[in-house]
Amino acid sequence: MKKNIKELAAATAVTAAAVAAGVAVSQTTVQADTGAPVTSAAPAPVVDPAAKTAATASQAAHNVSTAQQAASQAQTALTQAQTADDAAQTALQSQNDRIAKAQADVAAKRQAEAQAQTNLQQATAANINSAQAAVSAQATVVKQAQTTANSAAAQAKAAQAMADQANQAVSAAQAKVAAAQTAVDEATAALNGTALGEAQKQLATAQAAAKQALAAQQQAQAALKQAQADLTKAQADLTQAQTAQQQAQAAYNQATKGARPVQAATVTDNQIKLPAGYYQNLQRYATGQITASQLQSLVASGMQLNQYQHNAADQQVKIANVFALDQATRTALSEWAAGLINQVRLAAGTNPVVVTTASVAYAKAIVDQYNRDGFNNFVNQGHDLKALKAVADQFGTLYEENISTNGLGNSYVNALAEANQGGWQTFQRTVTLDDLKMLTYQGLVGFLFDDLDGQWHHAMSISGYTNSILKTGDHHQAVGVDMGQDGWIHFNFGTTTKMGQANKLAQNQAVTVDPAIQARLTAANTDLTHAQTAQAKATQAVKDGQAKVAETQKAVATTTAAVHAAEQQLARFQGTQAEKEQALTKAKEALKAAQAELAQVQAAAQAPVAQNQAAQTAAQTAAAALQAAQTKLAALQKQLADWQNAPALLVAAQTALAAAQAELKAAQADLPALQQAAVQAAANLSRVKAAYDTALANLVAAKAQSAAQAAAAAAKSAQQAALQRVEAQVRAGGQATTPTALPQTGDQASTAGIWTTLGLALAAMLTGAGTVKQRRG
């Protein structure tokens with residue numbers, strides 16, 4: 001490629017030189033039209049413009065790369081310096097807060113100590129005797145105040161009852177007056193004869209409404225009866241559909257037993273929650289920023305934060321031999337464990353795991369090989385690397401393994417293996433599915449939050465950190481879980497690719513089911529859904545019908561009452577003139593009597609209401625006096641206790657003051673170092689910030705220079721293209737050129753010269769001047 005570029009540049013240079021000279025350039029074969037020989041000066045050295053441009057561009061790109069690297073390093077240093085400064089300032093502020101709190105505590109304790117000194121000085125026999133007498137006298141006052149308050153409260157309660165009774169009598173009398181007034185109004189209207197037509201109209205309307213309500217009630221009762229019949233049929237259809245679906249499901253389950261595709265489960269019965277900053281602290285440990293012990297202190301709270309939640313249904317599932325789990329149990333356990341692991345990885349921001357039929361088989365193959373090798377994890381150190389490598393090669397994967405064991409009841413799962421006693425390899429143990437899930441959960445929690453003895457390798461594996469830094473780029477894993485014969489649970493991870501190529505671990509076996517069985521289950525599920533929908537609708541229809549019947553019954557009662565009232569009102573309006581006059585007279589007499597009764601009741605109510613107000617005020621006053629007496633008694637009792645215990649209280653106050661002063665001294669002693677650290681951190685931050693600003697400015701400048709070089713290169717290319725077009729036009733005009741030197745370019749003068757030469761050449765072409773001919777001999 002370099003050779004081609006250089007040859008093209010040389011050809012362009014020859015053309016440009018020939019056009020610029022306008023004369024023959026060969027010393028031996030070319031002459032001017034005059035016939036006089038032409039002697040040319042020695043040619044200037046040829047400069048390759050393309051090579052020069054490429055070198056300049058390469059240097060500019062190198063400058064940008066160097067500046068970018070320096071800026072990135074400065075950014076990292078700035079982030080670290082900012083973090084250190086924040087930590088130093090936070091520590092300083094915390095120490096200042098500690099000192100302020102200690103100073104306030106010292107002041108309070110000093111005041112308490114001074115009061116204790118005063119109490120000791122005042123704790124004479126005379127003062128103590130006097131205080132005892134005062135306490136005794138005040139106790140009598142409190143007792144009397146209590147009696148008074150109790151009596152006042154009882155009187156207030158009785159007065160309130162009397163006032164309530166009087167107010168109720170007033171209300172009843174007011175209601176009588178209102179009813180009597182209504183009767184007078186109706187009797188007046190009847191006498192005037194203006195309300196008869198309206199009463200007849202109201203009766204007719206009430207009767208029509210009652211008839212309509214009765215018809216609606218009968219219709220609602222009929223609809224309810226039909227809805228109840230529909231519900232009975234829907235319930236029978238649902239029972240039949242449920243039976244059919246259960247039979248179809250059982251047939252399908254039998255056909256697909258042990259052959260279904262698997263995946264990580266969404267676990268809701270248990271959760272694994274990470275303490276704040278967990279994954280970041282794990283990364284800090286992995287990169288050497290903190291020690292294993294420091295990490296332990298930062299994440300240990302996770303052990304208390306995460307507690308296994310038992311499942312009543314799982315407690316009923318018995319596993320005959322936990323060391324020989326069937327495929328269905330191993331699959332379900334792997335899915336459940338993967339769901340928990342993915343809770344952790346989601347919080348950490350790492351890739352989730354998957355579960356496949358192959359990953360379940362992969363874990364079993366590893367456990368089987370462990371068992372064949374007689375590998376007892378209680379006795380043997382580390383892992384059975386022979387088994388892991390062999391099985392990983394078989395599946396074409398990159399492996400990780402984590403194993404754990406915990407107590408179950410009063411012993412380990414395989415107590416014989418733990419004691420390394422004979423027979424452990426054939427030992428059997430019955431557990432529940434809940435037991436197995438608990439062991440799995442406890443293993444994961446231990447890996448994540450109590451892995452100091454494992455140097456946190458288990459935590460890095462479970463959280464996805466180990467896989468995330470895998471240099472091969474195989475960052476997706478499948479997992480399988482199984483129980484070893486020694487009672488240790490194996491969590492076997494494997495990448496689903498190796499060097500980017502999919503492997504066996506990614507395989508999830510397809511289900512092969514008889515189409516007739518599948519169709520039967522599909523139809524049964526559809527029928528069940530329809531039956532459930534119909535039963536739900538029928539149930540709702542019955543509820544609606546019952547509500548409608550109740551509503552119409554209420555409407556019938558209301559309209560029937562309205563008819564009776566309208567009939568009575570009409571009867572009053574239909575009497576003779578004398579009867580109407582007599583009715584009005586009686587109504588007015590009844591109104592007058594009701595008003596008189598109301599006035600009497602209101603007058604009678606004034607006294608109990610006033611007495612109640614006075615009794616309530618007296619009760620409140622007595623309660624306040626009791627409270628004041630009790631407060632004074634408490635103060636006197638405290639003073640007496642302070643004098644009686646003055647020596648001990650003084651010692652206690654002095655001890656508390658000494659402790660507070662010691663805390664203040666300790667806090668103040670630690671302050672200078674923290675202040676110095678904060679100053680240094682701030683200074684370092686300022687220095688690193690300046691370095692970052694400089695690096696950023698250099699990067700901007702380098703990019704600007706690179707852009708300028710790119711623009712110059714583009715202009716150069718355009719210039720060369722123009723020269724080539726001119727050369728082509730010159731040749732087309734019958735002129736010949738011989739290679740010679742091209743003036744160097746790269747500055748304004750050279751560029752201007754070239755464009756001048758181009759202009760002259762074009763002018764010569766247009767006018768026919770400056771033509772040269774080639775001669776031989």
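Residues 24 or more positions apart account for 84% of the contacts in the protein with a separation of 6 or more, where contact means heavy atoms within 4.5 Å. The model is predicted: local features need pLDDT of at least 70, side-chain atom pairs count only at pLDDT 80 or more, and totals for chains, interfaces and linings use all residues. Numbering runs from 1 along each chain as its sequence is written, and side-chain values use heavy atoms, with hydrogens and water left out.

The protein has 19 helices and 12 strands; helices (H or I, at least four residues) and strands (E, at least two) are DSSP runs numbered from the N terminus. Of its 777 residues, 34% count as buried. Buried means under 20% relative accessible area, exposed over 50%, and partly exposed in between, with a 1.4 Å probe and protein chains only.

**Helix packing**

Two helix pairs are set out below. Axes are lines fitted to C-alpha atoms, for helices over the stretch in contact, and angles run from 0 to 180 degrees between N-to-C directions.

| Helix pair | Angle | Axis separation |
|---|---|---|
| α9 (residues 327–348) and α13 (residues 433–449) | about 30° | 11 Å |
| α10 (residues 357–372) and α11 (residues 385–395) | about 150° | 9 Å |

Angles under 35 degrees count as roughly parallel, over 145 as roughly antiparallel, 65 to 115 as roughly perpendicular and the rest as oblique. The helices α10 and α11 are therefore roughly antiparallel, and their crossing is right-handed; a crossing is right-handed if the near helix is turned clockwise from the far one by less than a right angle, and left-handed if anticlockwise. On the α10 side the contact includes Ala358, Tyr362, Ile366 and Tyr370, and on the α11 side Leu388, Val391 and Phe395 are among the residues involved. By class, the contact of α10 with α11 has 11 nonpolar residues, one polar and no charged. Here Ala, Val, Leu, Ile, Met, Phe, Trp, Tyr, Cys and Pro count as nonpolar, Asp, Glu, Lys and Arg as charged, and the others, Gly among them, as polar.

The helices α9 and α13 are roughly parallel to each other, and α9 passes α13 in a right-handed crossing. Residues of α9 including Leu333, Trp336 and Ile341 meet residues of α13, among them Lys437, Tyr441 and Leu444. This contact of α9 with α13 divides into 10 nonpolar, two polar and one charged residues. Of the 17 residues of α13, 15 are buried.

**Single residues**

Valine 542, in helix α16 (residues 515–573), is buried at a relative accessible area of 8%. Leaving aside residues up to four places away in sequence, valine 542 touches Leu224, Ala227, Gln228 and Leu231. Its C-alpha atom is 8.7 Å from that of glutamine 226, 316 residues away along the chain.

Glutamine 247 lies in helix α4 (residues 196–256) and is partly exposed, at 46% relative accessibility. Glutamine 247 and alanine 524 are 277 residues apart in sequence, with 8.9 Å between their C-alpha atoms.

Most residues other than glycine have a negative phi. Tryptophan 456 has a positive phi, near 65°. Tryptophan 456 sits in the loop between α13 and α14 (457–463) and is buried at 0% relative accessibility. Methionine 499 also has a positive phi, near 55°; methionine 499 lies in the loop between β10 (497–498) and β11 (501–502) and counts as exposed at 59% relative accessibility.
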